[in-house]
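Open the model in your viewer and keep the selection panel at hand. The tour goes from one selection to the next.

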There are 2 protein chains.
Amino acid sequence: MPESLEELVESNDLLGVRAWLDDQAAHVIADALARMDHVAAGVPFRLLDKDKALEVFEELEPVDQQAILGGLRDQAFRDLVESMDPDDRARMLTEAPAKVAQRVLAGLSVRERQMTAHLLGYPSGSVGQTMTPETVPLPLQVSAGTALQRVRDRGHHAETVYVLPIVDAGRRLVGTVELRDLVLSPADTPLADIVVRDVPFAHATDPAEDAAKLMRETNVLALPVVDSEDRLVGLLTIDDAIEIIEAADTEDVARQSGSAPWAGHYMAVSVWQLARARAPWLLLLIVASVLTVNVLQVFETTLENVTALALFIPLLVGTGGNAGAQSATSAVRALAVGELRGSDLAAVIWRESRVGLLLGAMLSVVGLVVGSMLVGGDIALVVGLSLIVICAWAATVGATMPLLAKRLRIDPAVVSAPMVTTLVDATGLIIYFLIAHAVLSL
Amino acid sequence: MPESLEELVESNDLLGVRAWLDDQAAHVIADALARMDHVAAGVPFRLLDKDKALEVFEELEPVDQQAILGGLRDQAFRDLVESMDPDDRARMLTEAPAKVAQRVLAGLSVRERQMTAHLLGYPSGSVGQTMTPETVPLPLQVSAGTALQRVRDRGHHAETVYVLPIVDAGRRLVGTVELRDLVLSPADTPLADIVVRDVPFAHATDPAEDAAKLMRETNVLALPVVDSEDRLVGLLTIDDAIEIIEAADTEDVARQSGSAPWAGHYMAVSVWQLARARAPWLLLLIVASVLTVNVLQVFETTLENVTALALFIPLLVGTGGNAGAQSATSAVRALAVGELRGSDLAAVIWRESRVGLLLGAMLSVVGLVVGSMLVGGDIALVVGLSLIVICAWAATVGATMPLLAKRLRIDPAVVSAPMVTTLVDATGLIIYFLIAHAVLSL
């Protein structure tokens, strides 16, 4: 004898709930949901698979639809989901049907939308969290005049009416029409004549940053967002896209300096939070720089005999680090704005090694002059030669690492300047002492 | 007996041309210009002051207007201006009247517009170079229906019709109306009811970057651009603003890594250009890091006696540099997005010194462990203590320098991470050796 749906939800038996839902017809489920508390009803509703959820939703009376959608927005429902096992939670957070998602999100503020989108299966940082669900979708069959009238009737609540998504009978995205074309075309023009097909679009679960960058590249004022079955769920507007790109750039800047990004105003985060954002990288880097101690230990006898060599260690590792940081930053930015791809590795090595050689040759003049003045000719020669080799090496390594990261599908921004610097330090010391041995015949 | 205008232009006597123009009435000047070669006519035309230029322009027959405006776009005219003395050139490049500027720029491609805008007195990098002159300005007195009809009649060539500038009889900017409001309002609504007054706008000579950032902050799709008398000359569209911000960010990123920004695609610029962008900073930094050599010379006897101290030099200067770079980057970005002001200096010093102490305390554990394993207790203690002091110092200096730059009205982005690193290197060495002397009782 099966328990009622209400009892199964109350006893938190999610497996039982799923089994019950699988067995029953849509109208039976709708009936059971309508009779439950509207927050509790959210659980079985979100456990339904996508097609059945839509079927059940359409079987509900409008007043019950509102109650259940309202329940999904309720803090109590959010807490309920948060308290579940990760596995159950993941099952609860599969993508909702486009129509349901739109109804849930309609009329919410940006903040409310972001909290609720999570419960509709759009992961944190996805387009689904940022898009506006209020759009004016148009069918392809009408004329420009009819379409314009429809915009007049329904456009008041939409966040934008400049890009109008065109959908088929199944709400699937066909293309877009710009309001401009609707206004400038004669009223009897069929939409089919002015629709732009093959428009850029995003899936609701895509990272918002990718969608925003796609908008920047394609110069559209709003990007249609669809679910996994290509059904329209919303639009990402250009002003939201600009904010997303700005936040992503701030994160990249933090990563580039070897620090985790943090959320919030610089003066508002606590000293602890700042320290926590920076500590992991500093730790990693100091452990990596133990290599420099090892290298110097190998050459300790050389240092004891020619202490003057020690004087130039900070200058050499510093310069190598600077040259490496310059080329790493160039490469990361060129990758970010699409000027470089992972496959350009060989070409970049060839470019940067020559740039490094040029720079090294120039700096070696400084090294020779300063070295001769402070310690004399032989060591000045060692310093000058080392600068040439270290600069060429640092510039090459600096540009290579972000490209390698890209090839290995790691975010190139993670290859921060400090990371390049630290790795170039140890190898730079080896170059310095090998040249010293050769020139000074040690 | 005064020479003719044509003769004065031919003999390149610009003072004479100005004197002649001052003496004559607008219709006389118009007559003289109409009879000259259309490229040569550009010279006296651009030497007219703004009000008189508009008067003369309106006296000209349409066919002569076209000929003279065409002459301003001519390569021969550009070459002529380029070949002038800087003083004369500057006089030639004062801002043109809004109406003339719009007519000159209309119908040109973005590239042509940028070349020509310079000749209309809009400096390099100004909004005037990027704006679109093709707008649909509307008078305030009409109804929404009439306005919409006007957009239909004239909007086909405009780059955007989503933001419609409203101007008074003297072409002065009154406000804007969004196409959305025009479409959604009943046809008999007076524009005065839906106009937005006090809209953000830019002067044509303002830096494009400032205008683009203003658009980002105010979330407008197009920004009206006016001349020095508040007369409408064009619109800056959001897609151009996004490109401007992206280019500015790329420049900031380059500066932060201690490199001059360069124009163009990373793979398209030559090896020489890349080296030239990076060389000045590297040179400055290597000269600054000669300080580290001087510091080490002071402590050379200590190094001779305790060579093991040399082993930790790269680790210490590297870690100090990393900590300094982190806080410098945080401060520069916080300044760029407006989270910090120059007056926050004391608060920032207080924050960052504590963050640095926390980080240093954590890293000193690594220093103590590694030091004890590799060289023994005494030197390990020196390294551990030095890490605490150096980290606190580096974090403080790193955040202080961009704020000081801001106070001195220098671009904080110029205080690059490598610059902080290099300056922290020398002071870090002093800290290290002072602690060594105290602990090892040298």
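Start with one pair of side chains. Select Glu246(B) and Arg216(A): their side chains meet in a salt bridge, 3.5 Å from N to O. The term means a side-chain nitrogen of Lys or Arg within 4 Å of a carboxyl oxygen of Asp or Glu. Between chain A and chain B the count is four salt bridges.

Before you go on, note that this is a predicted model, in which local features need pLDDT of at least 70, side-chain atom pairs count only at pLDDT 80 or more, and totals for chains, interfaces and linings use all residues. Residues are numbered from 1 along each chain as its sequence is written, chains are lettered from A and ligands numbered from 1 in the order in which they are written, and side-chain values use heavy atoms, with hydrogens and water left out.

**The interface**

Stay between the two chains. The rule finds 37 residue pairs in polar contact across this interface, both residues at pLDDT 80 or more. Such a contact is a pair of N or O atoms within 3.5 Å; within protein, one must be able to donate a hydrogen and the other to accept it, and residues adjacent in sequence count only if both atoms are side-chain atoms.

Now select the contact residues, using heavy atoms within 4.5 Å as the test. Next, pick Tyr162(A), Tyr266(A) and Arg351(A). In chain A these lose the most area to chain B, together 8% of what that side buries. The two chains bury about 9,000 Å² between them, 68% of it on carbon and sulfur atoms. Buried area is the accessible area (1.4 Å probe) that two parts lose on being put together, summed over both.

**The two copies**

How does chain A lie on chain B? The same surface serves both: 99% of the contact residues of chain A recur in chain B.

**A sheet in chain A**

Finally, show strands as DSSP runs (E, at least two residues), numbered from the N terminus. Strands pair if DSSP finds at least two bridges between them. Select S5, S6 and S7 of chain A: they form an open sheet in the order S5-S6-S7, with mixed pairing. Strand S5 (202-203) and strand S7 (232-237) stand at the edges. Zoom in on Leu223(A); its bridge partner in S7(A) is Leu236(A).

Terms used
Helices (H or I, at least four residues) and strands (E, at least two) are DSSP runs, numbered from the N terminus.
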